[in-house]
Structure formats: C-alpha cells, structure tokens
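Me: Hi, could you walk me through this protein model? I would like to go from the overall picture down to single residues.

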Amino acid sequence: MDRLSISARLMIVSDLDHTMVDHHDSENFSLLRFNALWEANYRHDSLLVFSTGRSPTLYKELRKEKPMLTPDITIMSVGTEITYGHSMVPDEGWVDVLNQKWDKNIVIEEASKFSELTPQAESEQRPHKVSFYIQKDKAQAVTKALSESMERRGLDVKIIYSGGIDLDILPQGAGKGQALAYLHKKFKSIGKLPTNTLVCGDSGNDAELFSIPDVFGVMVSNAQEELLQWHAENAKDNSKIIHASERCAAGIIQAIGHFNLGPSTSLRDVKDFLNSSLEPESIGHEIVKFYLFYEKWRRAEVEESCLDHLKIAFNPSGVFVHPSGFEQSLSDSLNSIRKHYGDSRGKQYRVWVNRVLPMKIGSDSWLVKFEKWELSGEERLCSWTTAILSSKDSNGGNELAWLHVHQTWLEGSKAELSSTWPF
C-alpha cells in the first residue's frame with residue numbers, strides 16, 4: 001500500500017489460470033510479452049494485483065512453474081485472503097470482515113450431507129473457504145439446496161461454481177469482487193485511489209470483478225461459457241467491458257490499448273527494439289531492453305554487430321560484479337558475452353526481469369534494483385541485481401549509460417553454474 005507516494009496510474013487486477021497464465025502456451029510467450037510491457041512501462045507508477053482461486057500453496061507452485069512477475073498485492077482462495085508485496089504480508093482487517101456470520105465447522109457439517117460433493121485437497125481448505133468438486137449437471141440443484149441449508153443454520157454464505165467442476169463456499173462478504181472493493185475503499189481512504197483499474201478474467205469466479213463500479217474489464221478470448229453468459233445477462237451494454245480476440249495475457253495487453261490506459265506495445269513485439277525511443281527517465285525500459293537483447297543474442301535472433309552498438313551504453317570504466325563474486329570491467333563483461341552468441345539457439349531459453357524499482361540518487365543518476373531470471377530447459381536461475389545508471393546528457397536527455405552492475409544469487413541458484421551466466 002505504501003510503495004507509491006501518489007495514486008497508481010493503472011491497477012491491473014488479473015486472474016491467473018487461463019487469464020494471465022496460458023497453460024496451452026508451452027513457451028509462455030504471451031506472459032513474457034506482458035512481463036516486458038509491465039516492467040518497462042508500468043512497474044514504477046502502477047500496481048499489479050493477482051486475484052486467483054488458488055490457495056497460497058498452489059499459488060506458490062504456479063510461481064515455480066511459470067515466469068510470473070511478483071505482484072504488489074495477491075488475492076487468493078477466491079477473494080478470501082489478501083496479502084501485500086514480495087513477503088506476502090496478510091491483511092488482518094480483511095480477516096475481521098470475513099469472520100462475520102461465518103462458521104467453518106457448520107459449513108463442513110452441512111456440506112457433508114451432499115454426496116454429490118467431493119472435497120478438494122486439504123491445501124485448498126482455507127479459514128474462509130471450503131472447496132469441493134461437483135459434476136456440472138448437479139451443480140445448480142446442489143448450490144440451491146446447500147444455500148438453503150446454510151441459511152437455516154444462521155450462516156450468510158456465498159457459493160461460487162466455476163471452471164465446470166469447482167464449488168467454493170465462502171463468507172457472504174468474500175469473493176474476488178468484494179476483495180477488490182475493499183482495496184479500492186482502502187486506497188480511497190488514504191487518497192490513493194488508482195486513476196484507472198483494469199480487471200481481467202476467464203471464468204465464473206471472476207464475474208464479480210466486472211461488477212465493481214468504474215472499472216475497465218476484459219474477458220480474454222478463451223473465456224469460459226459461464227462468464228460469457230454472465231456478461232450477456234448482466235453487462236452486455238457496458239462499453240467498459242470487452243471480450244478480447246486474443247488469449248490470456250495477450251488479451252490483457254489488447255485491453256490496455258483498446259481503453260487507452262497507457263503504452264500497449266511490448267518490447268518483445270518491436271522488431272528494432274534496440275532503437276526504440278525512451279520515455280523521459282524510463283529506467284525500466286532500459287533494463288528490459290538490455291536483457292531482451294541478452295536473450296536474443298544467445299538465441300542468435302539479433303545480428304552479431306548489435307553488440308558493438310550496445311557497448312556505447314556502457315561506461316568503459318564501469319564495474320560488473322558477477323554473482324560468484326568475480327569482478328571485472330563492464331567493457332570486459334560485454335566482450336565475454338561475444339563467445340556466447342547463439343549458444344541457446346533453438347533451445348527453450350528465456351530471460352526476464354522482475355520488480356524493477358529505480359530510485360533517483362542524483363540529478364541525472366539512478367540506483368535500480370531488480371531480479372534477473374534465466375530459464376534454460378527445466379533449469380531456472382535468478383540473481384538479485386543492483387545497477388547504477390546515469391543520463392549521458394547533462395541536461396537530462398533520454399539516453400542512459402550503465403555505470404555499475406552487482407549481482408548475487410537468489411532462489412537457490414548455484415554458483416557452479418557461473419559459466420552459463422556471463423552477465
């Protein structure tokens with residue numbers, strides 16, 4: 001809540017499975033496109049919120065499987081848990097809201113009377129969420145009967161059916177929509193209500209997101225029938241909600257452009273990305289651009305002459321500290337990259353950056369901290385990177401020079417793999 005000193009320019013609130021994350025995209029290309037767009041253009045002044053039906057356990061599993069960014073806020077377990085930042089600090093105020101007219105033991109007792117319900121894994125049973133599987137043709141009748149039995153026991157619950165198989169029982173005040181409304185109210189109370197909010201989803205448990213006043217919304221092209229039906233019955237005349245023609249994260253990018261919410265061209269979609277223009281003080285753009293070049297260099301997707309062009313951006317007397325502790329000049333580090341040209345050609349090799357956070361330390365210089373990730377086949381490596389950049393133009397022009405880069409291993413990355421990590 002405190003990372004930005006003013007209102008966020010844009011807050012994106014997105015479901016994960018089949019919305020931000022496309023499980024049919026083995027290369028994760030649409031997700032990587034979004035990552036590059038967000039870190040280059042939005043991270044510094046906007047907020048990213050993941051709103052998922054997954055429990056914390058399954059959410060963390062997905063993060064290990066996919067090249068996902070770290071959100072500013074995470075809404076989990078179908079809107080029953082809200083956490084903040086990389087450390088996932090829980091919102092205790094939200095817990096107090098959900099405790100009203102809720103008794104998990106009674107919910108379990110009443111649900112056990114329905115043989116059509118099969119309990120989900122223990123990890124999916126949360127303090128304010130009880131989850132089951134149910135066959136599609138039984139869902140409507142069971143939902144009605146279950147709701148009546150809960151009411152007779154004095155509970156005020158919400159039953160959400162989604163994905164053609166999942167049935168979740170929550171406190172009435174819970175859900176993805178209510179969690180977002182709670183966040184909006186909280187931001188408004190401190191004078192930081194985001195300028196624009198874009199909600200993104202694909203299934204029934206996302207419908208509530210689109211009901212929040214004054215938000216823009218995108219149903220990705222692969223949205224399920226249950227969400228499309230809800231839209232047809234409740235919001236077909238709402239011009240702020242679109243059904244994208246693109247799948248998953250690509251549909252989110254499409255919506256940003258459709259509603260003119262900000263830049264909507266990812267550097268991954270720019271053929272001549274090395275010569276793409278910088279916005280004033282767009283430090284994230286510079287970081288994303290360099291590491292996109294690094295990926296394409298090792299995949300042999302740029303010309304070898306591009307390295308000489310790029311060297312202009314690095315101060316000859318600058319220093320690079322490798323995660324292993326080895327230190328050399330930035331110039332020598334760039335030269336060492338030359339021998340790695342094409343060594344990942346045809347391989348599943350990707351590079352992305354996460355949590356790019358610049359801080360101005362002088363009239364024309366910035367300290368930037370970020371995670372640099374590499375994926376090579378099944379192997380994932382990460383370093384926490386600190387860089388110092390300055391403006392080449394003393395009058396504060398757009399061209400930036402790298403002065404210093406210092407990396408340390410993160411996420412269990414191994415020092416013995418140093419030879420595969422030249423920069």
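What follows is a set of questions and answers about this predicted model.

Me: What radius of gyration does the chain have, and what would a compact globule have?

Reply: Along its principal axes, the C-alpha trace spans about 75 × 45 × 40 Å. For 423 residues, a compact globule would have a radius of gyration near 22 Å, and the chain agrees with that, at 23 Å.

Me: What share of the residues is buried?

Reply: A residue counts as buried when its relative accessible area is under 20%. The accessible surface of the chain is about 18,300 Å², with 49% of it belonging to carbon and sulfur atoms. Of the 423 residues, the buried share is 55%.

Me: Of the contacts with a separation of 6 or more, what share comes from residues 24 or more positions apart?

Reply: Contact here means heavy atoms within 4.5 Å. Among contacts with a separation of 6 or more, the share from residues 24 or more positions apart is 64%.

Me: How far apart do the centres of the positive and negative side chains lie?

Reply: The chain carries 47 positive and 58 negative side chains. The distance between the centres of these two sets is 1 Å.

Me: Which residues is Phe 314 in contact with, leaving aside its neighbours within four places in sequence?

Reply: With its neighbours within four places left aside, Phe 314 is in contact with Phe 290, Leu 330, Leu 334, Trp 402 and Phe 423.

Me: Is Asn 28 buried or exposed?

Reply: Asn 28 sits in the loop between strand E1 (11–14) and helix H1 (29–41). Its phi is near 55°, a positive value in a residue other than glycine. Because its relative accessible area is 7%, Asn 28 is buried.

Me: And where is Arg 355 placed?

Reply: Arg 355 has a positive phi of about 55°, although it is not a glycine. With a relative accessible area of 19%, Arg 355 is buried. Its place is in strand E15 (residues 349–362).

Me: How far apart in space are Leu 31 and Asp 137?

Reply: Leu 31 lies in helix H1 and is buried, at 3% relative accessible area. Beyond four places in sequence, its contacts include Met 20, Lys 66 and Ala 249. Leu 31 and Asp 137 are 106 residues apart in sequence, and from C-alpha to C-alpha they are 34 Å apart.

Me: Last one: which residues does Met 359 touch, not counting those up to four places away in sequence?

Reply: Met 359 lies in strand E15, and its 48% relative accessibility makes it partly exposed. Not counting residues up to four places away, Met 359 touches Ser 365, Trp 366 and Leu 367.

Conventions:
Residues numbered from 1 in each chain as written. Predicted model: local features only at pLDDT ≥ 70, side-chain atom pairs only at ≥ 80, totals over all residues. Heavy atoms only, no water. Rg over C-alpha atoms; globule rule 2.2 N^0.38 Å. Buried < 20%, exposed > 50% of the residue type's maximum accessible area, 1.4 Å probe, protein only. Areas by Shrake-Rupley, 256 points an atom, 1.4 Å probe, with all protein chains shown as cover. Lys, Arg positive; Asp, Glu negative; His and termini not counted. Charge placed at Lys NZ, Arg CZ, Asp CG, Glu CD. Helix = DSSP H or I, 4+ residues; strand = E, 2+ residues; numbered from the N terminus.
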